[in-house]
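Trainee: Could you take me through this model feature by feature, giving the general idea before the particular case?

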Amino acid sequence: LQGKGSRCILDYVDHVQQVDPVEGVVKIDPSELGGKKVFVQLCCAFRYGREDLDVIGLSFRKDIWIKHIQLYPEAGHKPTLTPMHECLLKKAGEQGHAFTFDIETNLPCSVTLQPGPDDTGKACGVDFEVKTYIADVEDPEEKLDKKDTARLIIRKIQFAPDATGGPGPKADICKSFMMSDKPVHLEASLDKEIYYHGDPIKVHVKVNNETSKTVTKIKVTVDQTTDVVLYSADKYTKTVLSQEETINANSTFEGSLAITPLLVENKEKRGLALDGRLKDEDTNLASNTIIRPGMDKEVLGILVSYKIKVNLMVSSGGLLGGLTASDVQVELPLILMNPKPQGKLTV
């Protein structure tokens with residue numbers, strides 16, 4: 001299988017208006033079927049519990065979208081053959097049967113929730129699976145023998161739009177404190193709206209301190225929020241980066257802090273959202289969920305977003321006016337995505 005224009009043979013790109021079609025070929029030997037039929041299925045599902053807990057008829061998996069095609073005997077599915085089909089049919093020979101699935105644009109992208117060190121089986125998250133199977137009838141409830149099925153996990157992904165420029169977010173706050181008639185003013189901003197995974201992010205900070213306290217540290221954190229909307233209203237926030245810089249701001253400060261949130265620094269955090277993983281290959285922190293107008297959020301299963309927090313800390317006398325650091329804080333929205341690959345892969 002391969003998605004047209006994909007960066008990897010198992011990646012299918014959501015271009016917002018349309019998604020790469022899933023094109024494939026199944027090699028079928030009728031003499032081995034014993035009168036049974038051959039189907040191919042594409043399913044988008046959300047797994048919210050370990051596979052080894054699927055016992056006594058209780059499953060921790062919910063199908064979001066599913067489509068079946070009968071390949072043998074032929075039942076009217078005759079896709080327009082593409083160069084991808086032609087290549088795969090040449091390999092399969094006369095017993096090859098082509099198929100094409102069109103993925104709907106309102107479906108979620110692949111997301112994996114990072115398992116803990118002791119977790120086994122399939123990870124929780126949203127995945128897409130192509131399954132070919134032998135059966136008497138098209139019945140999703142029919143128990144299939146493993147030897148009569150072949151499965152392949154694919155990944156639906158989104159890339160950042162071509163234009164990642166534009167004005168970046170900016171936020172400021174002006175705080176007055178007990179025992180002081182003068183305020184502290186904090187402003188933070190980013191250069192642009194969208195950043196690529198692995199690229200440094202410059203956080204520009206301005207401090208105007210008119211109090212008698214001294215601002216000694218600036219703390220910057222990046223939080224990932226995972227909103228599980230399919231089966232409940234669970235929302236999880238995990239810090240994926242925390243960085244401090246010592247300054248001497250008796251009155252004013254203006255400077256930039258370079259930060260780079262990376263998965264390699266967060267390998268032990270159970271439940272962290274990652275871009276869909278194929279087998280054991282490395283991936284990255286999950287990209288932001290892009291919601292188009294009119295989309296049903298529940299169908300998306302998992303919503304991922306990021307924000308940057310900038311806090312001020314002070315010396316001698318503790319925090320400003322006896323407040324906690326979070327009381328002198330601004331937040332900036334952050335969009336993390338993968339860049340579009342250059343060129344296309346062919347078989």
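Trainee: How many salt bridges does a search of the whole structure find?

Mentor: Side chains of opposite charge can pair when their charged atoms come close. A salt bridge is counted where a side-chain nitrogen of Lys or Arg lies within 4 Å of a carboxyl oxygen of Asp or Glu, and a search of the whole structure finds eight of them. Please keep in mind that this is a predicted model, in which local features need pLDDT of at least 70 and side-chain atom pairs count only at pLDDT 80 or more, while totals for chains, interfaces and linings use all residues. Residues are numbered from 1 along each chain as its sequence is written, and side-chain values use heavy atoms, with hydrogens and water left out.

Trainee: Which residue forms a salt bridge with Lys206, and where do the two lie?

Mentor: The partner is Glu187, and the closest N and O atoms of this pair are 3.9 Å apart. The pair links distant parts of the chain, with Glu187 in strand 11 and Lys206 in strand 13, 19 residues apart; strands here are DSSP runs of E with at least two residues, numbered from the N terminus.

Trainee: Is Glu187 buried or exposed?

Mentor: Buried means under 20% relative accessible area, exposed means over 50%, and partly exposed is in between, with a 1.4 Å probe and protein chains only. Glu187 has a relative accessible area of 16% and is therefore buried, whereas Lys206, at 39%, counts as partly exposed.

Trainee: What is the order of the strands in the open sheet of four?

Mentor: Two strands pair if DSSP finds at least two bridges between them, and by that rule the order is 10-11-13-16, with antiparallel pairing. Strand 10 (170-176) and strand 16 (252-259) stand at the edges with a single partner strand each, so one side of each is left without a neighbour in the sheet.

Trainee: How many bridges join strand 10 to strand 11?

Mentor: Seven bridges join strand 10 to strand 11 (residues 183-190); in this pairing Ala171 stands opposite Ala188, and Lys175 has Val184 as its bridge partner. Strand 11 also pairs with strand 13 (residues 201-209) over seven bridges in the antiparallel sense, where Ser189 is partnered by His204. Seven of the eight residues of strand 11 are buried, so this strand is largely enclosed by the rest of the structure.

Trainee: How much space lies in the largest cavity, and which residues lie nearest its centre?

Mentor: Rolling a probe the size of a water molecule over the atoms shows where empty space is left. On a 1 Å grid over the protein atoms alone, a cavity is a set of points where a 1.4 Å probe fits but cannot get out, and lining residues have an atom within 4 Å of a point. About 230 Å³ of space lies in the largest cavity, a volume being the space filled by probe spheres set on the points, which are joined across faces, edges and corners. The lining holds 22 residues, of which Cys109, Gln158, Ser287, Asn288 and Thr289 lie nearest the centre.

Methods: On a 1 Å grid over the protein atoms alone, a cavity is a set of points where a 1.4 Å probe fits but cannot get out, and a pocket is an open set with protein on both sides within 12 Å along at least five of seven lines; lining residues have an atom within 4 Å of a point.
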